[in-house]
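Where are the pairs, and how accessible are their partners?

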Amino acid sequence: MLIRLMITIQWHLNNTGANGGAIGADIHAQQAWNIFTGSSAVTIAVFDTGLELTHDELTGKSSGDANISGTVSEYHGTHVAGIAAGNANNEKGGRGVDWNARLLSKRIFEPSGYIGDASVANKITDAVNSGAQIANHSWGGPDYSTT
């Protein structure tokens, strides 16, 4: 029951039309999970506000920069990481698209704001050198960057 409830709440994984949603307007995760649920050989770098590394959905699969109080949307990185690779079937919440992927947090926001393009470029290089095959960048701003 709890797993069915959680997948219903996670409308991006299985949109049943609840709360005004459009039936089937999702990524068809349930069908994909019948084929493959993910791999611990995959590392996803999350460039954001850091992660709550000990969060129930991320424990044992997260490393890198922790979130810190005072950043803009300080838990946004944790939320994004949960969608990408939250633990599945632990009866504690939702589940990520890749149930088994490793997460590498790269904090690009500090209480003072964005750390700057040059610093982000260094963090991208570091993530690749650390084995990340996927990079999530769900942040933006008003300015164009040549980086």
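## Arginine 107 and glutamate 110

The side chains of arginine 107 and glutamate 110 form a salt bridge with an N to O distance of 3.2 Å, the term meaning a side-chain nitrogen of Lys or Arg within 4 Å of a carboxyl oxygen of Asp or Glu. Arginine 107, at a relative accessible area of 14%, is buried, whereas glutamate 110, at 25%, counts as partly exposed; buried means under 20% relative accessible area, exposed over 50%, and partly exposed in between, with a 1.4 Å probe and protein chains only.

## Basis of the model

The model is predicted, so local features need pLDDT of at least 70 and side-chain atom pairs count only at pLDDT 80 or more, while totals for chains, interfaces and linings use all residues. Residues are numbered from 1 along each chain as its sequence is written, and side-chain values use heavy atoms, leaving out hydrogens and water.

A search of the whole structure finds three salt bridges. In one of them, aspartate 65 pairs with lysine 123, with the closest N and O atoms 3.0 Å apart. This pair links distant parts of the chain, 58 residues apart, since aspartate 65 lies in the loop between strand E2 (62–64) and helix H3 (76–85) and lysine 123 in helix H4 (residues 117–129); helices (H or I, at least four residues) and strands (E, at least two) are DSSP runs, numbered from the N terminus. Lysine 123 is partly exposed at 22% relative accessibility.

Lysine 106 and aspartate 126 also meet in a salt bridge, at 2.2 Å from N to O. Lysine 106 is buried at 9% relative accessibility, and aspartate 126 is partly exposed at 34%.
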